[in-house]
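Reader: Could you walk me through this complex? I would like to start with confidence and then go to the fold and the contacts.

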Amino acid sequence: MAPVQGMGREMINYLAQASINTELLYSFVIIFVSLMIYFGTKDLYELTNHKGIKYFRLSFLFFAVSIFIRSILKFLFLFIDPRTIREIVFNLNVINPIILFLFMYFSAMAIFSLLYSVMCKKWNGKCNLILILNIVAVIIALISVVSGSSTIIFGIYLFLLLFVAFITFMAYKESKNKKKKINLYTVYILLSAFWILNIIDILVPNVLQAFQLIIYFVSISIFLSILYKVLRKLGSN
Amino acid sequence: MTKRSKIEIIKDILDIVNKNNNSIKITPLIRKSNLSTTRFNKYYGELITKGLLIEKIHSGRIISTTQKGLKYLEKYSTIVGFIEEFDL
């Protein structure tokens with residue numbers, strides 16, 4: 001019996017190691033790509049102070065920060081193995097809820113900043129909209145940390161995705177070159193959708209485990225496609 | 001004629017200064033920029049604050065483009081291309 005137990009333990013250790021390696025690689029790629037976009041567009045922003053460029057850059061900085069926090073959370077969860085959010089909040093006392101809150105806040109702000117970068121031309125001068133989006137991000141983060149129900153979390157993120165889709169559709173409807181812009185808006189919606197799946201993956205453990213690799217692969221592909229667009233534009237002129 | 005964007009107006013002002021041997025007085029600059037005095041003053045103040053233009057006092061106010069201003073002109077098509085690509 002002992003050798004079987006030993007082999008079982010070895011297998012578990014191997015799987016845990018593989019999971020850590022995958023997580024590390026995934027986080028590294030997303031952080032690297034996001035920071036490349038952020039620093040690559042620094043010059044353009046410094047020259048123009050263009051609001052759209054500002055929030056486009058900020059959105060990728062927020063993506064980088066939130067994936068960094070996500071990795072910390074993932075590692076904490078990996079070693080503590082919680083079953084539900086409630087357990088996570090109560091078991092890990094104060095530190096984890098704070099990290100979880102920051103992760104949720106930066107994730108929501110990453111999506112909101114991307115939306116704002118596209119819509120700020122239209123929303124320009126309207127009652128501190130970015131402040132309102134900040135408040136909404138704080139509320140989303142608070143609900144995610146305090147609420148123990150996965151149904152509520154799914155509900156919030158379904159609503160957020162519908163909101164993103166609606167705003168993106170409005171931006172698309174008003175854009176001049178519709179044929180050219182459809183790819184961009186599709187990428188933005190996909191990015192938001194996969195980012196939300198990333199969030200659900202961390203908040204409701206085990207639900208998306210079977211699809212984790214697919215989520216990672218598609219998320220990386222989306223980030224790389226945006227980086228490609230950025231580099232092509234920065235380099236082509 | 002379509003309305004010029006802010007980015008385009010800034011490029012035009014910098015271009016006028018640059019094409020005048022990088023030294024122009026304020027009155028011909030206002031005239032050549034095709035802007036009302038009020039609008040010109042708004043952009044002019046911004047360009048000075050951002051460090052794209054510099055004012056020198058010789059025999060009157062002489063305006064020149066800074067290194068940053070030249071960089072703006074150089075990168076103008078990249079800036080416009082980027083804003084268009086991401087619909088910013």
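Reader: What ipTM and pTM does the predictor give the complex?

Author: For the complex as predicted, the ipTM is 0.90 and the pTM is 0.87.

Reader: And chain by chain, what is the mean pLDDT of chain A, and what is it for chain B?

Author: Chain A has a mean pLDDT of 83, with 86% of its residues at 70 or more, whereas chain B has a mean of 93, with 99% of its residues reaching 70 or more.

Reader: Where in chain A is confidence lowest?

Author: Confidence in chain A is lowest in helix α4 (residues 85-91) of chain A, where the mean is 51, and it is highest in helix α2 (residues 42-48) of chain A, at 95.

Reader: Okay, on to the fold: how many helices and strands does chain B have?

Author: Chain B has four helices and three strands, and along the sequence they come in the pattern α-β-α-α-β-β-α. The radius of gyration of chain B is 13 Å, close to the 12 Å that the globule rule gives for 88 residues, so chain B is as compact as a globular protein of that length. Its C-alpha trace spans about 45 × 25 × 20 Å along the principal axes.

Reader: What share of chain B is buried?

Author: Buried residues account for 20% of the 88 residues in chain B. As for contacts in chain B with a separation of 6 or more, 52% of them involve residues 24 or more positions apart.

Reader: In what order do the three strands sit in the sheet of chain B?

Author: The sheet is open, with the strands of chain B in the order β1-β3-β2 and antiparallel pairing. Strands β1 (24-25) and β2 of chain B stand at the edges with a single partner strand each, so one side of each has no neighbour in the sheet.

Reader: How many bridges hold β2(B) and β3(B) together?

Author: Strand β2(B) pairs with strand β3 (residues 60-65) of chain B over six bridges in the antiparallel sense, and the two strands form a hairpin with one residue between them. Within this pairing, B:Glu55 has B:Ile63 of β3(B) as its bridge partner, and B:Lys56 stands opposite B:Ile62 in β3(B).

Reader: And what about β1(B), how many bridges join it to β3(B)?

Author: Two bridges join β1(B) to β3(B), and these strands run antiparallel. Here B:Lys25 is the residue that stands opposite B:Ile62 in β3(B).

Reader: Switching to the interface, how many residues does each chain bring to the contact?

Author: The contact involves 15 residues from chain B and 20 residues from chain A. On the side of chain B that touches chain A, helix α4 (residues 67-85) of chain B gives the most, with ten residues, and the residues of that side divide into seven nonpolar, three polar and five charged.

Reader: Which residues touch the most other members of the largest nonpolar core?

Author: Of the 74 residues in that core, those that touch the most other members are A:Met104, A:Ala108, A:Met109, A:Ala110, A:Ile111 and A:Leu115. Helix α5 (residues 95-123) of chain A supplies the largest share of this core, 16 residues. Leaving aside residues up to four places away in sequence, A:Ile111 touches A:Val164, A:Ser192 and A:Trp195.

Reader: Which residues does A:Val118 touch?

Author: Not counting residues up to four places away in sequence, A:Val118 touches A:Ala171, B:Asp87 and B:Leu88. The C-alpha atoms of A:Val118 and A:Gly52 are separated by 6.5 Å, although the two residues are 66 residues apart along the chain.

Conventions: Residues are numbered from 1 along each chain as its sequence is written. Chains are lettered from A and ligands numbered from 1 in the order in which they are written. This is a predicted model: local features need pLDDT of at least 70, side-chain atom pairs count only at pLDDT 80 or more; totals for chains, interfaces and linings use all residues. The radius of gyration is taken over C-alpha atoms; the globule rule is 2.2 Å times the number of residues to the power 0.38. A residue is buried if 20 or more other C-beta atoms lie within 10 Å of its own, exposed if 12 or fewer, and partly exposed in between; C-beta atoms are placed from the backbone. Two residues are in contact if their C-beta atoms, placed from the backbone, lie within 7 Å. pLDDT is the predictor's confidence in each residue, from 0 to 100. Ala, Val, Leu, Ile, Met, Phe, Trp, Tyr, Cys and Pro count as nonpolar, Asp, Glu, Lys and Arg as charged, and the others, Gly among them, as polar. A nonpolar core is a set of buried Ala, Val, Leu, Ile, Met, Phe, Trp, Tyr and Cys residues joined through C-beta atoms within 7 Å. Two strands pair if DSSP finds at least two bridges between them.
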